[in-house]
Every structure is written in C-alpha cells, then in structure tokens.
Amino acid sequence: GFGNECASEDPRCPGSLPEGQNNPQVCPYNLYAEQLSGSAFTCPRSTNKRSWLYRILPSVSHKPFESIDEGHVTHNWDEVDPDPNQLRWKPFEIPKASQKKVDFVSGLHTLCGAGDIKSNNGIAIHIFLCNTSMENRCFYNSDGDFLIGEFLRLQTRSLLTDPWPQRGMRFSIDVFEETRGYILEVYGVHFELPDLGPIGANGLANPRDFLIPVAWYEDRQVPAGYTVINKYQGKLFAAKQDVSPFNVVAWHGNYTPYKYNLKNFMVINSVAFDHADPSIFTVLTAKSVRPGVAIADFVIFPPRWGVADKTFRPPYYHRNCMSEFMGLIRGHYEAKQGGFLPGGGSLHSTMTPHGPDADCFEKASKVKLAPERIADGTMAFMFESSLSLAVTKWGLKASRCLDENYHKCWEPLKSHFTPNSRNPAGPN
Ligand SMILES: O=C(O)Cc1cc(O)ccc1O
Ligand SMILES: [Fe+2]
C-alpha cells in the first residue's frame with residue numbers, strides 16, 4: 001500500500017532484520033545498517049520518509065565519482081527562446097540495437113522543465129529511448145523522484161527494486177526490446193495520493209494497489225567494475241565499485257520504490273451532464289506550498305463510459321494557467337483522432353489555447369448521444385504543472401520529431417454563429 005511502513009527479509013536469511021532497534025552494535029549476519037532518508041529528519045510524521053537497509057557492504061564502498069557525458073540530459077531551461085505555440089511531437093525515435101546499443105541511462109533525453117534543481121523546486125520531463133539492458137550499471141537520482149511511464153516488459157532490479165524510484169534509490173533497468181518511455185521528475189517533493197473530498201474514502205488510485213518490492217540480495221563480485229551512475233545537480237557522474245549494489249538482505253521503513261498498474265484506477269466521471277475537469281483523473285500529485293496547486297499532477301485518461309446527456313463530451317476548448325504535457329502510451333486520444341500517436345507527446349503551455357481538432361468538434365457536436373465506451377484499449381496521460389515549462393534544444397531540434405503542422409488541426413474550424421436563429425433550443 002502507498003506510503004505504508006513495511007518490513008522485509010530475504011528468505012535466505014531469516015532474522016536478518018534487527019529486532020527492537022535499528023542500530024545494533026553488530027547486525028545479524030554481520031550486515032551493515034544504513035538509513036536512506038527521503039525527507040528532512042524533522043518533517044511532520046505525515047510526510048516523514050526513511051528506510052533502514054541491512055546490506056552486505058554500505059553504499060559508500062565505491063571509488064570517487066567522475067563526471068561523464070550528459071548526452072541529452074539537462075536542467076538548463078534557457079537553451080532556446082520561449083515559444084508559446086502549441087507543440088506536438090511525433091513518436092520519439094528509438095535507436096535500432098543493430099546500429100547502436102543504448103541503455104536506459106544513455107537513452108535519457110530531457111524534453112522540457114522548469115525550476116531550480118539546487119533549491120529543490122521544479123520539474124523535468126524526460127523521454128527515454130533505449131534498446132539494451134543496463135549491464136553492471138545502476139542509476140540513482142540525487143535531484144528528485146522519477147515517475148516512469150507504464151511499459152510492457154520493462155523490468156527493474158534495485159536495492160528495493162521497481163519502476164517508480166524515489167530520490168536516491170538505485171535501480172537498473174532491463175529491456176527486452178526497443179523501448180520508449182516518459183519520465184516525470186519532481187525536485188524536492190514526493191508524490192502523494194490526491195485528497196478525495198466528497199468522493200469519500202475510496203476511489204481513484206486506491207492505496208492498496210501500490211506495490212512495494214520485497215528484499216532480495218545478490219552477493220556478487222564484479223572484478224571488471226560495477227558502475228554507479230548518479231544524476232546530481234542535473235549532471236551525470238559515474239563511480240566504480242567491485243561488488244553489485246543490490247546487496248540489501250533486509251529492510252524496514254516507508255521510503256521505498258513502488259509501482260502501480262493504471263488498470264486499477266477507479267474512474268469517477270460525469271453521469272448527468274457537462275464535462276468534468278480532468279483533475280478527477282489524478283493518480284498522484286506533487287504538491288507545491290500553495291494550497292491546491294501542484295508542481296505536477298499525474299493524470300490519466302483511461303478507458304471508461306461516456307454517458308453525459310446534452311453535452312459536448314470531448315475535452316472543451318480551453319486556456320489554462322497550468323502547463324499541460326500529454327503523452328500516449330497506447331491507443332488514441334479522444335480529442336485528437338489522428339496526429340497524436342503512441343510514443344509522441346504534446347505541450348500546451350501556460351494560457352496557450354487548445355482543444356479538440358476540427359474533425360472531433362464536428363463529430364461530437366452532431367453525434368446522437370448514447371452511452372459510449374470511450375477509448376477502449378487506450379491510455380493517454382497528462383503531466384500538469386503550475387510551472388511554466390521551457391523546452392530543450394533536443395525537444396525543439398535534435399529529436400527531429402516536432403510536428404510542424406500541428407496548428408493545422410484547428411485551421412478548418414469555422415464559425416457556426418447564426419445570429420437570427422437560436423439553435424439548439426438553449427438552456428433548459
Ligand atoms: O487538453 C487536454 O486534452 C487535457 C484536458 C482534458 C480534459 O478533459 C479537460 C481539460 C484538459 O486540459
Ligand atoms: Fe488541456
């Protein structure tokens with residue numbers, strides 16, 4: 001369950017978790033005790049996060065970190081001039097394994113972001129494009145948490161393992177084929193489940209559906225050197241060590257990686273009339289200090305029924321003080337039948353107008369309203385942020401995926417205004 005206090009021992013070492021204290025003079029099985037803190041020691045209980053790890057060697061057993069090539073990872077939000085236009089990307093291209101072997105870390109590309117990494121306030125959106133597993137390499141992020149998009153056949157190994165690693169957690173990603181994914185990085189805060197207000201005690205993403213891994217260790221020497229890669233203040237560093245870092249035999253605490261299957265999301269929606277705001281689809285939120293304002297919300301558009309009467313059912317036309325980055329994991333998105341493709345993305349910046357394309361408007365204004373399955377087999381999502389996001393050089397140019405024709409999807413919109421005829425009948 002989300003945020004629970006858990007305890008886990010590798011079954012090969014029963015009793016490896018010290019009883020009654022965290023720091024015995026000598027730990028069971030002669031393990032080292034190490035605390036991983038995900039919040040200031042003094043945070044209120046409700047936000048205090050830490051885990052105690054009992055490991056074969058402490059994390060400090062490594063050679064010094066050295067700077068490595070960042071590739072397309074950046075936290076420089078001034079690389080290109082601001083551009084308020086609607087932006088859309090065709091599916092980001094995955095390099096072919098036959099041409100170049102690229103793993104999760106070398107395949108990380110920063111698309112956009114905002115804020116300041118050193119003062120722990122901001123977000124970044126990355127795309128990863130890879131074709132090879134991480135071999136004797138792991139990664140950890142000193143700057144923030146990674147929320148990694150949902151992918152088939154992506155497997156992680158980590159000291160506590162699994163796909164949504166929080167700050168500091170080391171993980172290694174295996175892929176079985178050419179793989180692409182989206183990452184929302186938040187600096188300085190952790191994701192939380194949104195409050196439910198009048199919805200009640202249950203619904204949306206239920207805490208019990210968040211899965212947390214069990215302890216599992218490998219006691220493996222790596223004479224050729226195991227590489228620990230660290231993203232620190234937006235730059236990449238590597239340190240060698242001669243053992244696997246996945247050497248945690250037992251742990252307890254509430255600071256863990258977790259994963260969540262989006263299929264478990266309990267969708268709430270309009271069952272009478274009108275289009276509800278997409279905040280009803282919030283899976284997780286990373287709060288800012290302003291009440292109700294997120295530095296980033298993770299919102300999904302899952303398969304569901306559309307039943308609203310006398311309603312234009314697709315998303316309304318709008319301008320928003322929040323920035324909206326959208327991606328498509330599979331299927332299609334209700335407001336754009338063509339052009340917005342799985343593996344691509346779109347960015348509608350602060351107050352930039354957007355909404356259904358002309359074709360969608362025409363169809364949805366005329367369709368006979370019956371209960372309808374919306375977007376079966378699809379999964380679109382939005383990273384919505386109160387920060388005004390800047391796009392990187394890679395996003396605008398080097399990715400070569402920017403769709404120069406995006407604005408054309410609204411060009412056919414024409415006026416339907418009939419000043420002399422009130423049609424349809426007007427409000428009831
Ligand atoms: O722009 C979008 O497609 C996302 C979105 C969906 C919706 O149902 C209402 C508002 C909104 O921004
Ligand atoms: Fe929107």
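This is a predicted model: local features need pLDDT of at least 70, side-chain atom pairs count only at pLDDT 80 or more; totals for chains, interfaces and linings use all residues.

Residues are numbered from 1 along each chain as its sequence is written, and chains are lettered from A and ligands numbered from 1 in the order in which they are written.

On confidence, pLDDT is the predictor's confidence in each residue, from 0 to 100, and its mean over the protein chain is 93, with 96% of the residues reaching 70 or more. The stretch to treat with care is residues 158-162, where pLDDT stays under 50. For the complex, the predictor gives an ipTM of 0.99 and a pTM of 0.95.

Now the domains, whose bounds come from an automatic or database domain assignment. Domain 1 covers 63-245 + 256-260 and domain 2 covers 262-405, and their centres, taken over C-alpha atoms, are 23 Å apart. Counting two residues as in contact if their C-beta atoms, placed from the backbone, lie within 7 Å, 46 residues of domain 1 are in contact with 48 residues of domain 2. On the domain 1 side, β5 (87-89), β6, β7 (121-130) and β12 (179-187) each supply at least two residues, and β6 gives the largest share, seven residues. That side of domain 1 divides into 25 nonpolar, twelve polar and nine charged residues, where Ala, Val, Leu, Ile, Met, Phe, Trp, Tyr, Cys and Pro count as nonpolar, Asp, Glu, Lys and Arg as charged, and the others, Gly among them, as polar.

Strand names follow DSSP runs, numbered from the N terminus, with strands (E) of at least two residues, and two strands pair if DSSP finds at least two bridges between them. Which strands make up the open sheet of five? The order is β9-β12-β7-β6-β25, with antiparallel pairing, and the edge strands, each pairing on one side only, are β9 (144-148) and β25 (390-391). At one end, β6 (residues 108-116) meets β25 over two antiparallel bridges, and C112 stands opposite V391 there. At the other end, five bridges join β9 to β12, with F146 opposite E185. Although β9 is an edge strand, five of its five residues are buried, so β9 is largely enclosed by the rest of the structure; buried here means that 20 or more other C-beta atoms lie within 10 Å of the residue's own, with C-beta atoms placed from the backbone.

Five antiparallel bridges join β18 (residues 282-287) to β19, L284 being the bridge partner of F298. These two strands form a hairpin with six residues between them, and G292 in the turn has a positive phi of about 80 degrees. β19 also pairs with β24 (residues 379-385), again antiparallel over five bridges, and V299 has M382 as its bridge partner.

M382 brings us to the ligand, since the residues around ligand 1 (C-beta atom, placed from the backbone, within 6 Å) are P278, P315, H318, N320, E324, A335, H348, H354 and M382. This shell divides into four nonpolar, four polar and one charged residue.

Conventions: Helices (H or I, at least four residues) and strands (E, at least two) are DSSP runs, numbered from the N terminus. A residue is buried if 20 or more other C-beta atoms lie within 10 Å of its own, exposed if 12 or fewer, and partly exposed in between; C-beta atoms are placed from the backbone.
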